[in-house]
Amino acid sequence: MEQNINAFIHHTIRRHEDRRLLAIDATCGNGHDTLLLAELYDQVIGFDIQPVALDATAKRLRQAGYDNVKLVLDSHALMERHLGEDSIDLAVFNLGYLPHCDKTIITTPDATMAAVETILRHLAIRGLIAITVYTGHPGGQLEADALTAMLKSLDKHDYTVIVHRYLNRRQAPFAILIERMQ
Ligand SMILES: C[S@@+](CC[C@H](N)C(=O)[O-])C[C@H]1O[C@@H](n2cnc3c(N)ncnc32)[C@H](O)[C@@H]1O
């Protein structure tokens, strides 16, 4: 069993082999998730609102030799205008703040839900959205509650929505996985 949520998410992404054409990293941060997507997918689009995050991501990708990622300095809430006609096979969100940076720049319920809704409209059948949710910082619980309420309302015939969470660790991050069924 994976010992932390990020390792679990990476393991899940690696196992999701259905179609690997287009992936989205909605929160690039330091680029750890973007790098994995670049390795596995033909094309990746990554978003962040902080130039420092996209610089770190670009450096990580350059050092690893990947040139299949388009990095976009924009809110994931406005993702629609950066997408084309292609269906999305996988999207990853790692919510909260950028570690070792300004902890007041955080993902927000409205923007996160707008981005998830956009991706749901473009998600391929068998496509997957993987979200890591943090509740330990101010605003985190609010975002977690808003997001889970919205996802609970998705039709079970269209989407499978699963929460993966520790029961014996207080305020540990948890993962939400959404797969489009039909
Ligand atoms: C926890 S960090 C992501 C960590 C990253 N996945 C990694 O592997 O290093 C969250 C990131 O979300 C970004 N963010 C916050 N609000 C955003 C928004 N509306 N659109 C895009 N990115 C946003 C922050 O700037 C921050 O870099």
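**Figure 1. Leu-90 stands opposite Leu-128 in strand β5.** This view is taken from a predicted model. The strands β4 and β5 are joined by 6 bridges and pair in the parallel sense. Of the 7 residues of β4, 7 are buried, so the strand is largely enclosed by the rest of the structure.

**Figure 2. The largest nonpolar core contains 42 residues.** The members that touch the most others are Ala-23, Leu-90, Ala-91, Val-92, Ile-119 and Ile-129. Strand β5 (residues 123-133) gives this core its largest share, 6 residues. Leaving aside residues up to four places away in sequence, Ile-129 touches Ala-91, Val-116, Ile-119, Leu-123 and Ile-178.

**Figure 3. Strands β5 and β7 run antiparallel.** They are joined by 6 bridges, and β7 covers residues 174-180. Ala-130 has Leu-177 in β7 as its bridge partner.

**Figure 4. Thr-160 belongs to strand β6, residues 159-164.** A residue counts as buried when 20 or more other C-beta atoms lie within 10 Å of its own, and as exposed when there are 12 or fewer. Thr-160 has 13 such atoms within 10 Å, so it is partly exposed. Beyond the residues up to four places away in sequence, Thr-160 touches Glu-179 and Met-181. The C-alpha atoms of Thr-160 and Ile-178 are 5.6 Å apart, although these residues are separated by 18 positions in sequence.

**Figure 5. Helix α2 (residues 32-40) has buried residues at Asp-33, Thr-34, Leu-35, Leu-37 and Ala-38.** What covers them includes the strands β1 (22-25), β2 (43-48), β3 (69-73) and β4 (88-94), together with helix α3 (51-64). Helix α3 itself lies across β2 and β3 and runs at about 170° to β3.

**Figure 6. The 7 strands form an open sheet in the order β3-β2-β1-β4-β5-β7-β6.** Pairing in the sheet is mixed. The edge strands, β3 and β6, each pair on one side only. From one strand to the next, the twist averages 15°.

**Figure 7. The protein chain has 5 helices and 7 strands.** Along the sequence these elements follow the pattern α-β-α-β-α-β-β-α-β-α-β-β. The radius of gyration is 15 Å, close to the 16 Å given by the globule rule for 182 residues, so the chain is as compact as a globular protein of that length. Taken along the principal axes, its C-alpha atoms fill a box of roughly 40 × 40 × 35 Å. Buried residues make up 35% of the 182 residues in the chain. Among contacts with a separation of 6 or more, 68% are between residues 24 or more positions apart.

How values were computed: Residues are numbered from 1 along each chain as its sequence is written. This is a predicted model: local features need pLDDT of at least 70, side-chain atom pairs count only at pLDDT 80 or more; totals for chains, interfaces and linings use all residues. Helices (H or I, at least four residues) and strands (E, at least two) are DSSP runs, numbered from the N terminus. Two residues are in contact if their C-beta atoms, placed from the backbone, lie within 7 Å. The radius of gyration is taken over C-alpha atoms; the globule rule is 2.2 Å times the number of residues to the power 0.38. A nonpolar core is a set of buried Ala, Val, Leu, Ile, Met, Phe, Trp, Tyr and Cys residues joined through C-beta atoms within 7 Å. Two strands pair if DSSP finds at least two bridges between them. Axes are lines fitted to C-alpha atoms, for helices over the stretch in contact, and angles run from 0 to 180 degrees between N-to-C directions.
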